[in-house]
Amino acid sequence: MPHDPLQAAADLLRDARSVCVITGAGVSAESKIPTFRDAMEGLWAKFDPQTLATPEAFAADPAMVSEWYDFRRGKCAQAEPNPGHLALVEIERRLADAGRSFTLLTQNVDGLHRRAGSTRVVELHGRIDIWRCTKTGLEYPDLPLPLPEYPMPSEAGGLLRPGVVWFGEALPEDALEQAHAAAESCDLFMSVGTSAVVYPAAGFLHLARAHGSKSIEINRDPTDATGLVDIALQGRSGEILPALVELAFASRG
Ligand code: BJW
């Protein structure tokens with residue numbers, strides 16, 4: 001293996017037959033969307049996201065939780081994909097051109113991977129731009145921003161709640177199935193911009209490794225995954241991912 005970890009990672013990416021990437025909030029940080037565990041700004045700075053992202057918080061104060069999510073929905077709508085998102089689109093394109101497999105698992109609810117152009121995206125924790133009726137489960141993707149009231153009543157006499165997965169809730173079954181299949185069958189797993197503490201998402205790295213996959217982490221800071229992976233690249237995903245693509249696929253058209 002080469003001495004330079006970026007070169008070693010590029011070699012793994014170039015030679016991989018099947019790649020599975022999992023992303024977290026760090027990938028969207030350079031699009032100015034605060035990470036989940038960084039402090040929120042302004043009015044919301046005194047609230048703890050880990051406490052608000054629960055069914056219990058919504059049951060106790062649906063107006064406050066709805067307003068917090070609508071504020072964040074607005075931030076996500078204004079944000080643009082950054083070079084990290086675009087590099088992942090390029091990896092998907094290069095692998096597809098070579099008849100190889102690529103799956104992008106994301107814990108992010110901001111939709112930026114889809115907006116950047118990634119097509120093989122599995123959104124494990126749902127979408128912040130969709131609201132869902134607490135009574136019927138009906139989804140509402142195109143509601144005005146901001147919502148006219150908090151909490152927002154649904155036509156069926158329930159409330160609208162954000163279409164995200166809160167702590168204690170099950171992830172969407174189809175997303176879980178796709179994630180399992182991709183993690184079990186890949187020969188390269190990349191964990192990018194996630195603190196790797198929230199399960200079951202954090203478990204896909206373990207699953208991939210247990211099935212013999214090589215692994216790379218890209219993160220600004222050390223995490224629970226750092227000691228496990230074959231190559232840990234420390235830095236910003238918006239800088240490292242484009243550099244990795246350049247090294248892995250340079251002069252290959
Ligand atoms: C950069 C950077 C840059 C910064 N470049 N890097 C096993 C063990 C222990 C506990 C559990 C377990 N299994 C389940 C649990 C419980 C729980 C859990 O995991 N708790 C842990 C906290 C201990 N999990 C659940 O409850 C899950 N549900 C479940 O298991 O259900 C079971 C069930 C089955 C059947 C019926 C019923 C139930 C659900 C988890 C849902 C998580 N949802 C959230 C909120 C989404 C909505 C919202 O956004 O408000 O998802 S929580 C939050 O964490 C959000 C994120 O997607 C997720 C992960 O966070 P992420 O993305 O890693 O962000 P950060 O902020 O933590 O980290 C950012 C990273 O980026 C950092 O490392 C920085 O260094 C880095 N960074 N800038 C690169 N420029």
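Tutor: Pro 200 is found in the loop between E7 and H9, where helices (H or I, at least four residues) and strands (E, at least two) are DSSP runs numbered from the N terminus. The model is a predicted one, in which local features need pLDDT of at least 70 and side-chain atom pairs count only at pLDDT 80 or more, while totals for chains, interfaces and linings use all residues. Residues are numbered from 1 along each chain as its sequence is written, and side-chain values use heavy atoms, with hydrogens and water left out.

A cis peptide bond, with omega about 5 degrees, joins Tyr 199 and Pro 200. Ala 196 lies in the loop between E7 and H9 as well, and has a positive phi of about 60 degrees although it is not a glycine. Most residues other than glycine have a negative phi, and most peptide bonds are trans. Ala 196 has a relative accessible area of 13%, and therefore counts as buried; buried means under 20%, exposed over 50%, and partly exposed in between, with a 1.4 Å probe and protein chains only.

The peptide bond from Tyr 150 to Pro 151 is cis, with omega near -5 degrees, and Pro 151 is found in the loop between E5 and E6. Lys 32, which is not a glycine, has a positive phi of about 70 degrees. Lys 32 sits in the loop between helix H2 (25–29) and helix H3 (49–52), and counts as exposed because its relative accessibility is 72%.

We turn now to the elements on either side of the loop. Strand E7 belongs to an open sheet of six strands with parallel pairing, in the order E3-E2-E1-E7-E8-E9; two strands pair if DSSP finds at least two bridges between them. At the edges of this sheet stand strand E3 (121–123) and strand E9 (231–234), each pairing on one side only. On average, and with direction ignored, neighbouring strands of the sheet are turned by 15 degrees against each other. Strand E2 (residues 101–106) runs parallel to E3 and is joined to it by three bridges; Thr 106 stands opposite Glu 123 in E3.

H9 lies across strand E1 (18–23), E2, strand E7 (188–192) and strand E8 (214–219), and runs at about 160 degrees to E7. Axes are lines fitted to C-alpha atoms, for helices over the stretch in contact, and angles run from 0 to 180 degrees between N-to-C directions.

H9 also has a helical partner. Helix H8 (residues 173–185) packs with helix H9 (residues 203–210) at an angle of about 35 degrees, and their axes are 8 Å apart. On the H8 side, Leu 176, Ala 179, His 180, Ala 183 and Glu 184 meet Phe 204, Leu 207 and Ala 208 in H9, contact meaning heavy atoms within 4.5 Å. Six nonpolar residues, one polar and one charged make up this contact of H8 with H9. In these classes Ala, Val, Leu, Ile, Met, Phe, Trp, Tyr, Cys and Pro count as nonpolar, Asp, Glu, Lys and Arg as charged, and the others, Gly among them, as polar.

The protein also has an open sheet of three strands, with antiparallel pairing and the order E5-E4-E6. Strand E5 (139–140) and strand E6 (160–164) are its edges; each has a single partner strand, so one side of each lacks a neighbour in the sheet. Helix H5 (residues 62–78) packs on this sheet and touches E4 and E6, its direction making about 140 degrees with that of E4. Strand E4 (residues 126–133) is joined to E5 by two bridges, and Glu 139 in E5 is the bridge partner of Arg 132. E4 and E6 pair in the antiparallel sense over five bridges, with Gly 163 in E6 as the bridge partner of Arg 127. Five of the five residues of E6 are buried, so E6 is largely enclosed by the rest of the structure.

Finally, the whole chain gives the setting for these parts. The secondary structure of the protein comes to 10 helices and nine strands, and buried residues make up 50% of its 253 residues. Its C-alpha trace spans about 60 × 35 × 35 Å along the principal axes.
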